[in-house]
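Please read the points below with the model open beside you.

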Amino acid sequence: MLEASPYIGGIARTHVWEGNRLDIGGHRFFTKSEEVKQLWGEMMDEPMLKVPRLSRIFYGQQFYPYPLKIGATLKNLGLVESFRMLLSYLAARWRPVLPEDSFADWVRNRFGERLYSTFFKTYTEKVWGMPCTEIRADWAAQRIHGLSFGSAVLNAIRNSGKVKSLIKTFDYPRLGPGMLWEGAARKIGERGGEVVLEARATRLHHRDGAVTAVEVACGGETQQLHPAQVISTMPLSTLAKCLVPPPPPNVLEAAEGLKYRDFLIVALACRKPDVFPDNWIYIHSAEVRVGRIQNFRNWSEAMVAPGHGTTLGMEYFCSRGDDLWTMSDEGLVALAKREIAALGLVPESELEGGYVIRELNAYPVYDASYREHVETLKAYFGSFSNLQTVGRNGMHRYNNQDHSMLAGQQAALRLLGRTDLDPWEVNTERSYYEEQTLAGKAPESGSGNSAATPQTLPEAATPAVT
Ligand SMILES: Cc1cc2nc3c(=O)[nH]c(=O)nc-3n(C[C@H](O)[C@H](O)[C@H](O)COP(=O)(O)OP(=O)(O)OC[C@H]3O[C@@H](n4cnc5c(N)ncnc54)[C@H](O)[C@@H]3O)c2cc1C
């Protein structure tokens, strides 16, 4: 196994900073797959923690429970604003914007201007870095499928009724997700495998529809491997550009067309252990750029260096080359401190040092043309006899760990003769809920995941962005 970075675990690694352990965004463990549950059990040397879950939305200096609860929401909004929301909903139903081209049109038509701007607009724009008027309506239709004003209100009223509330606890390794992946690497070693760190595959030579050699940059040298089979988790677009000879122009065009959203987390050491009770908070307030705030002590006490208060993770969605991505670490730490203080959550005087982790390609972008590009790349790579692509960026899909693993596992099983399996079929269900829906489809178990939940708010419009 070749790993380009010095770390085990990819996006699901756990970084260590001065004894504090940091996720690249908190990683809850949830799966409906028995195979994955079994694998997690084998990879962990101790049982996972059952962590109580609290994650709220912060907007206009107030906390809103997530999922929305009618009492608390009305109390925060006040009767006048609630009435205005109802009127703006009725106005939108009376005079919808047609044609419904953008995400903004789609949501406004179904929820009204005021609900849209309170619970959808700001967070979505932070995540995707573009105005909601430029995000296509079919994305909303896909991600917010099944949610309407009526069902949202019903959901809020009957939070513990037909719609089972979000899981109240989630599984989490005591030392963060990296603990599981580091355990996996150790066990691979014990069984005779090898995980080589800081070894980047730079070129894949191919002939007659088969990879013949992989060039690897490792320790300042380039080595050539001649694997019988290759399974790749690198971004589909990078893989296409690594091929020697290059693929046909339409494949390169598709590779160029795939877009990614990048991500950075600014960890702040806080003197006080109990700053807020949430595991994380969604920040909808438009006056700050932070999108979400993690409180790592509330995931596991062992994530915080002994004798310290807590570590907060200020999450910023960004794009390589933009002002956030290129800001110096000192600048980002100062920004994060100013913003958390401005929100009134933690005064700057409680904060000590800070640390920045940047993650390229954290989110595969689902734009108007991604599906077509992925199909082109999938068909092209599918014509190779000894190459499979799996995982989140390897398939340009919002896979969580479980689906990334399942795709990997199926690719491995194919090598053992299970040619009936198709990793591309993993996670093709339209949604993968962590709650019971009004339709009554119950999940087998679990806690969080990335999918939009039909009766609550959608992934990038609010919660559950992974
Ligand atoms: C902010 C955030 C929060 C998330 N939260 C959750 C959550 O709560 N629960 C959950 O289950 N999932 C969550 N996920 C999703 C989870 O992180 C991914 O599904 C999973 O890590 C994907 O695994 P992967 O192996 O496909 O890809 P990656 O984790 O991206 O791993 C790919 C690896 O390939 C290496 N690589 C790339 N190119 C090369 C090359 N040329 N040569 C050698 N190595 C290379 C990379 O360095 C990387 O280590 C979250 C993701 C994000 C971004």
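1. Two strands are said to pair if DSSP finds at least two bridges between them, and the strands (E, at least two residues) and helices (H or I, at least four residues) are themselves DSSP runs, numbered from the N terminus. This is a predicted model, in which local features need pLDDT of at least 70 and side-chain atom pairs count only at pLDDT 80 or more, while totals for chains, interfaces and linings use all residues. Residues are numbered from 1 along each chain as its sequence is written, and side-chain values use heavy atoms, with hydrogens and water left out.

2. Four strands form an open sheet with mixed pairing, and their order is E9-E8-E7-E11. At the edges lie strand E9 (221–225) and strand E11 (243–244), each of which pairs on one side only.

3. Strand E7 (residues 199–207) and strand E8 (residues 210–218) run antiparallel and are joined by eight bridges. Within this pairing, arginine 200 has alanine 217 of E8 as its bridge partner, and alanine 201 is partnered by valine 216, also in E8. The hairpin of E7 and E8 has two residues between the strands, and aspartate 208 takes a positive phi there, near 50 degrees.

4. E8 also pairs with E9, in the antiparallel sense and over five bridges. Alanine 217 has threonine 222 in E9 as its bridge partner, and in the hairpin of E8 and E9, again with two residues between the strands, glycine 219 takes a positive phi near 55 degrees. E8 is mostly covered, since seven of its nine residues are buried (buried means under 20% relative accessible area, exposed over 50%, and partly exposed in between, with a 1.4 Å probe and protein chains only).

5. How many of the nine residues of helix H3 (residues 103–111) are buried? Seven are, and the helix is mostly covered; among the buried residues are Phe103, Trp106 and Phe111. Glycine 112 follows H3 and has a positive phi, near 90 degrees.

6. Two packed helices are described by the angle between their axes and the distance between the axes. H3 and helix H4 (residues 113–128) pack at an angle of about 145 degrees, with their axes 8 Å apart; axes are lines fitted to C-alpha atoms, for helices over the stretch in contact, and angles run from 0 to 180 degrees between N-to-C directions.

7. Contact means heavy atoms within 4.5 Å. Phe103, Ala104, Val107, Arg108 and Phe111 in H3 meet Glu113, Leu115, Tyr116, Phe120 and Thr124 in H4.
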